[in-house]
Structure formats: structure tokens, C-alpha cells
Amino acid sequence: MRQSSLVVVAMRLPIDDSVAPDGACEWRRSPGGLVSALHPLLRNTPATWVGWAGGSGPAPSLPDVDGVHMHTVPLSLEDLRDHYEGFANATLWPLYHDAVEQPEHHRRWWEAYQRVNQRYAEATAEVAEPGAIVWVQDYHLQLVPGLLRALRPDLRIGYFLHVPFPPPELFMQLPRRAELLHGMLGADLVGFQRPQAAHNFAQLATKVLGVAATDRRIAVDDRVVRIGAFPVSIDTAEMSALAASAEVAERAERFRRDLGEPERVILSVDRMDYTKGIEQRLTAYSELLASGHVKVRDTVLVQVAVPSRERVGQYQILRERVEREVGRINGEFGRVGEPAIHYLTQPFDRAELAALYRVADVMAVTPLRDGMNLVAKEYVAARVDDTGALLLSEFAGAATELSQAYLVNPHDLEGLKQGLLSALQADPADVTTRMRAMREHLHRHDITAWARSYLSALDETGSLVDRLPAT
Ligand code: ADP
Ligand code: G6P
């Protein structure tokens, strides 16, 4: 078994389900923040990534991708139903996002969560060199740090939660809250997107486990676990360079022509998820059309909503409701050849996404709750001429950093409509001042800066950080 000094552990491997006939694999830029965030960091860093390769058969043996070894964890249909669709995405996901949908609790899901976390911990223990650094990702694997420490106390273990960590009132609903906290506290460093999440975690550690905790350190057994906020970011330079390329500029022109050369293009790009506020946004847009504040010929909305977690009931219901509403709005306000909403459920490649960002005069990112929201950051990075208005929910992690965006509360329909109108009608000089400030921030706080700050806090020897690209 090949062993590495850096091991990333995430529910999914970052690769295509399908391997080409010549055996080649490619990074899968999935419509999800985690892979988007780690891809630029690990490319060309010798490391092993432990994860699920898709499907429910035995674990395939996969070739390395850009120097990163892929170590597969097999999952059965039952594991997927009860761990991924169940505990991860129908218990934890809704609970961690303000319970905007009702979380479900089933003992069978918890058993599967423990079983699958144990399997990931064992797989990781096999591929980690003595003293290796292991970086566990996200809410699917909250028990792995604790389980791994029991198997391999020599490892330096980091855990990072990409989604929000909820306030005590919500977390206390979890029947197995103590076990989940214990699992995370198996790490040497627990990272969150926002300081508020670290604060919630420290409060819960004291309340549930009775341990001494501040927003920076928690004393557990005979160890000190450090906690903190490390807001994740994007490869700003890569997105800017792509958006500035002649190919993308030309593609953006074509998009604008295909959209009928409207005065204003509004864009939203989301996974089809009830946390993203898609329905609230459609209602706001529809009311602006009905009141005549927005006219179809002048303004178009492009809504990209790539289907996600399609076997989970709440996601099926959401998709049906969104599609019915898009149909209603187009039926009522569209004209022949001029829909009010251009609705697309396809995955786009990076160049096409960059072209969409370039064409959008207003980018509407209005989740009800979001750990970070990388789409907001990608839009800013793509606005190479310092134009474009970002309409951003106060409840996205990104709002803490991108405070010059047009901020809205997506639960407030009137506020959302007003925010959309303000962004559509904003003074170009104001738009540029705001965009310039946000772009400067993202150039300093990019994905490499994130990885450096997290890994230098985790790896006190500094040997790993020295291998990362310079910021
Ligand atoms: P989440 O992690 O909840 O999905 P984020 O906004 O943080 O939300 O991350 C979404 C990522 O998925 C971004 O990198 C975005 O570019 C990508 N993405 C979203 N929709 C698509 C799509 N239709 N095609 C390709 N990539 C997409
Ligand atoms: C969010 C989560 C990731 C997840 C992604 C896509 O970004 O934080 O862990 O991979 O959504 O969701 P999926 O269920 O398709 O993996």
C-alpha cells in the first residue's frame, strides 16, 4: 500500500465517474464548493485523496490524477441511502442550514453514518505515512477525526467544515450531539468558515461535553484542540485569466446576442438546493415583472440550477416547484422568442461559466443560508473590467468578506425586490468602486492563502506549507 505525507479525506473523490478507455482520469469540477476549492491546491502536490468514486460496486482502482493518488472507499446502495442521502443530507444538511427544511432523525441513518465514517477512518489509516498530515473535509465525515486518532495517534489531524455550524439551539436537537462533537474534537485543528461557527462550537463543547472552551482552544482529555475561522476561497488569478481570455470574451458576446441583446442581464448559478433561495428569488422577479418595474425585453434572468441529490425527497419537491414556477412566469410574462427566464439545468465547463459571469450585469446570489458561496467569489474574479453588481445574501459566508456587495435579506421579499432594483439601476461609478474593492480583497485572499493559513496552523513544522505555491 502506497503511503503519503499529506492525505485529504472527503466523501467524494474529485474525479469523473467515467474513466476514459486509455485509463486516464480527470478532475471533476463538480458543481459543489469543496472540489472547486481543493482542486487548485492539490494539483501537483504529492498527496493521497481518500473518497468514494461514485457507484455502489466494489472499489475501482484508479490511476493518479496530476500526481495525486486516488484511494477509493466502496459504498453500498444501503450506505448511500442511509449515510449520504439520509444522515448527511436529510439530517445534518438541513439542520446546519437553519433548518430551512425539517431535519429527519432515524436510528438506521445514524448506524450507517458511524459505519461509513469508520470505513473512511480505516482507509485513511492505511495510506497515511507515520506522522502524516491528514485533512478531513465536511459534514459527511464528522466522526473520522476521533476514529482516526484512536487508530493512529501519530497523525496530525485537521478537520474543516465547509457548511455553517449551527447555533446551540439547533444543534441540541441532534439525538447524537455528544458523539458528533467528540468526533470533531479528535482533530488537532477544527476549521470553520466564520468566527460565529467557531463560537457556536465552543459553546456546545462546554454545554454538551462539559469541557473548558474558548473561541480558539478547547481542552479535551489531555490535549488542546485549536479552533478557528478560515474562510475558503477560489483560484482568483485562474478565474480572472480565464475571464480575460479572447475565447471567453467572444463566448460572452455570443451569449448576449443569443439572449436578444437586452439592456440588463441578471444571472444566478446554483446547485438545485433549498438553501439557495431560488424560489424566493423567482417570486421577487415575478412581482417586479407584474408591477412593470422590470420589462422582459430590457431585462432577462438567466437561472442556472444544476440538479443535486436527486434521490432525496426534499430536493425532488424543490425541483418540481421551481420548474412549475419558471413555467408559470415564462407563460405569463414571456413573449414568442423572448422568455422572461432562461432556465438551464446543465453543468457548464469553466470557460462557459466565466463567459456567463462576464455577460451578467447583475449577479444574484441570495441563499437563505450558505457556508461560503464560491459562485459569488467567482463572479467577482471574472469581472476583469471592474463592472458588474453583486447582489448578495447577508446569510452567505461570503458576505462577511464581500461587504461592498449589494447586501439583502432573502427572507424579506420587499427587501429582495428593492435590492434587485438597486443593483439593476446602480450608478456605474458606485458599481465600479464596490467591484474594485471586492476584487482587491479576493486577490489577497485566494485559495492558496486559505490553504496556507489553515495548513500552517495545523502543521507547526511548516514543512508542508513550504511545498505550496506562493500567494
Ligand atoms: P455549493 O458548494 O453549495 O454547491 P458554492 O457556490 O460554494 O455552492 O459552489 C458551487 C461550485 O459549483 C462553484 O465552483 C460553481 O462554479 C460550481 N457550479 C455551480 N453550478 C454549476 C454548473 N451548472 N456547472 C458547472 N459548475 C457549476
Ligand atoms: C457542498 C458541500 C460539499 C458537497 C457539494 C456538492 O459544497 O459542502 O461537501 O460535495 O455541496 O454536493 P454533493 O451532494 O453532490 O456532493
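This is a short tour of the structure above, going from the whole chain to its domains and then to one helix.

**Before you start.** You are looking at a predicted model, in which local features need pLDDT of at least 70 and side-chain atom pairs count only at pLDDT 80 or more, while totals for chains, interfaces and linings use all residues. Residues are numbered from 1 along each chain as its sequence is written, with chains lettered from A and ligands numbered from 1 in the order in which they are written.

**Stop 1: the whole chain.** Show the chain as a cartoon and you will find 17 helices and 14 strands. Both are DSSP runs numbered from the N terminus: helices are H or I with at least four residues, strands are E with at least two. The radius of gyration, taken over C-alpha atoms, is 22 Å, close to the 23 Å that the globule rule gives for 471 residues, so the chain is as compact as a globular protein of that length. That rule is 2.2 Å times the number of residues to the power 0.38. Along the principal axes, the C-alpha atoms fill a box of roughly 65 × 45 × 45 Å.

**Stop 2: two domains.** Colour 4–232 together with 448–467 for domain 1, then 236–444 for domain 2; such bounds come from an automatic or database domain assignment. Their C-alpha centres lie 30 Å apart.

How many residues of domain 1 are in contact with domain 2? There are 22, and they meet 20 residues of domain 2; a contact means that C-beta atoms, placed from the backbone, lie within 7 Å. Now select helix 1 (33–42) and helix 2 (77–96), each of which supplies at least two residues of the side of domain 1 that touches domain 2. Helix 1 gives the largest share of that side, four residues.

**Stop 3: helix 16.** Select residues 428–444. The 17 residues of helix 16 should span 24 Å at 1.5 Å a residue, and its end C-alpha atoms are 25 Å apart, which agrees. The expected span is 1.5 Å times one less than the number of residues.

Show the side chains of Val431, Arg434, Met435, Met438 and Leu442, which are buried: 20 or more other C-beta atoms lie within 10 Å of a buried residue's own, against 12 or fewer for an exposed one. These five cover an arc of only 95 degrees around the axis, which puts them on the same side of helix 16; the arc is that of the directions from the helix axis to the C-beta atoms. On the other side, Ala429, Glu440 and Arg444 are exposed.

Terms used
Contact = placed C-beta atoms within 7 Å.
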